[in-house]
Amino acid sequence: MDFWQTMLVLFRRWYVALPAFLIAVGAAVGIYLTVPVTYTSTAVLVLDQPLAGGSLPALPTDKGTVTNPLLNFDQGLNNAAAIVIQALNTPEVAAAMGASPTGDPSYKVTNGSTNQQEQIVAGPFVFVEGDSRNPQAAQDIAKRCVERVKQELAGRQKALNAPEQTYITLDVAVQPTTPVAQRGNKTRAAAIAVLMGVVAALCAAYSFESYYQARRRKSPAHEQSLVAASSGA
């Protein structure tokens with residue numbers, strides 16, 4: 001059926017479509033009111049190369065050098081950031097950070113991209129996001145993430161026996177921000193409910209129309225009209 005035929009069915013069976021749509025609108029309002037607001041606190045960290053570079057002479061009189069393994073790449077800072085990000089996203093670290101299996105509170109540590117394949121090429125940045133229904137809990141877990149990134153970076157370099165003078169440093173460009181309410185989930189849930197209401201109204205109207213037409217075809221009056229029409233022919 002085309003658009004106008006659909007509108008005709010809805011107009012003719014408004015007493016079926018309208019209640020179905022109103023029920024869906026009521027459900028959408030209820031969903032919007034009951035879905036909790038999530039608060040988000042974010043922080044931005046940047047990895048810095050030491051002023052003296054990533055290498056030191058092995059001995060004062062030796063021409064050889066000792067290089068920080070994490071800086072021994074063309075994209076050393078980017079790789080170091082990617083390593084730290086991957087470490088922070090393990091289930092073990094998440095549990096140690098106090099992230100709840102139910103998702104409240106929770107955190108995300110990324111390089112600004114949600115694509116895992118872009119973890120290395122984005123740059124020496126670490127983006128931290130803490131989420132919770134409680135504003136203070138969201139900011140607290142973001143702060144714990146910042147401290148854990150610092151510990152993870154220092155621990156990795158120490159484990160690799162990198163000279164301390166060549167350690168990559170971490171600058172907190174943006175401290176964990178004041179939590180901001182995220183209402184997107186509420187809006188999306190309500191929009192889906194309204195959309196389902198439109199579908200329900202269409203289905204109800206067409207179902208009743210089909211039922212009515214089927215009964216009409218089976219009615220004695222309809223059969224008599226068909227017989228009269230065939231006799232006249």
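Guide: Let's start where Ile-83, Val-84, Ala-87 and Leu-88 in α3 meet Cys-145, Arg-148, Val-149, Glu-152, Leu-153 and Arg-156 in α5. Contact here means heavy atoms within 4.5 Å, and helices (H or I, at least four residues) and strands (E, at least two) are DSSP runs, numbered from the N terminus. One caution: this is a predicted model, where local features need pLDDT of at least 70, side-chain atom pairs count only at pLDDT 80 or more, and totals for chains, interfaces and linings use all residues. Residues are numbered from 1 along each chain as its sequence is written, and side-chain values use heavy atoms, with hydrogens and water left out.

Visitor: By class, which residues make up the contact of α3 with α5?

Guide: Ala, Val, Leu, Ile, Met, Phe, Trp, Tyr, Cys and Pro count as nonpolar, Asp, Glu, Lys and Arg as charged, and the others, Gly among them, as polar. Sorted that way, the contact of α3 with α5 has seven nonpolar, no polar and three charged residues.

Visitor: At roughly what angle do the axes of α3 and α5 cross?

Guide: Axes are lines fitted to C-alpha atoms, for helices over the stretch in contact, and angles run from 0 to 180 degrees between N-to-C directions. The axes of α3 (residues 76-88) and α5 (residues 135-159) come within 10 Å, and they cross at roughly 120 degrees.

Visitor: What does that make α3 relative to α5?

Guide: Angles under 35 degrees count as roughly parallel, over 145 as roughly antiparallel, 65 to 115 as roughly perpendicular and the rest as oblique. With a crossing of roughly 120 degrees, α3 is therefore oblique to α5.

Visitor: Is Met-97 buried or exposed?

Guide: Look in the loop between α4 (91-96) and β4 (106-110), where Met-97 is found. Buried means under 20% relative accessible area, exposed over 50%, partly exposed in between (1.4 Å probe, protein chains only). Met-97 has 5% relative accessibility, so Met-97 counts as buried.

Visitor: Which residues is Met-97 in contact with, leaving aside its neighbours within four places in sequence?

Guide: Arg-144 is 47 residues away along the chain, yet its C-alpha atom is separated from that of Met-97 by 6.8 Å. With those neighbours within four places set aside, the contacts of Met-97 are Tyr-107, Ile-141, Arg-144, Cys-145 and Arg-148.

Visitor: Which residues does a cis peptide bond join?

Guide: Stay in the loop between α4 and β4, which is also the place of Pro-105. Omega is about 5 degrees for this cis bond, and the pair joined is Asp-104 and Pro-105.

Visitor: Why does Asn-161 count as exposed?

Guide: Asn-161 is found in the loop between α5 and β6 (169-174). Its phi is positive, about 60 degrees, although Asn-161 is not a glycine. Asn-161 is exposed because its relative accessible area is 67%.

Visitor: How far apart in space are Thr-187 and Ala-28?

Guide: Thr-187 lies in helix α6 (residues 184-218) and is partly exposed, at 45% relative accessibility. Thr-187 and Ala-28 are 159 residues apart in sequence, but C-alpha to C-alpha the distance is 9.2 Å.
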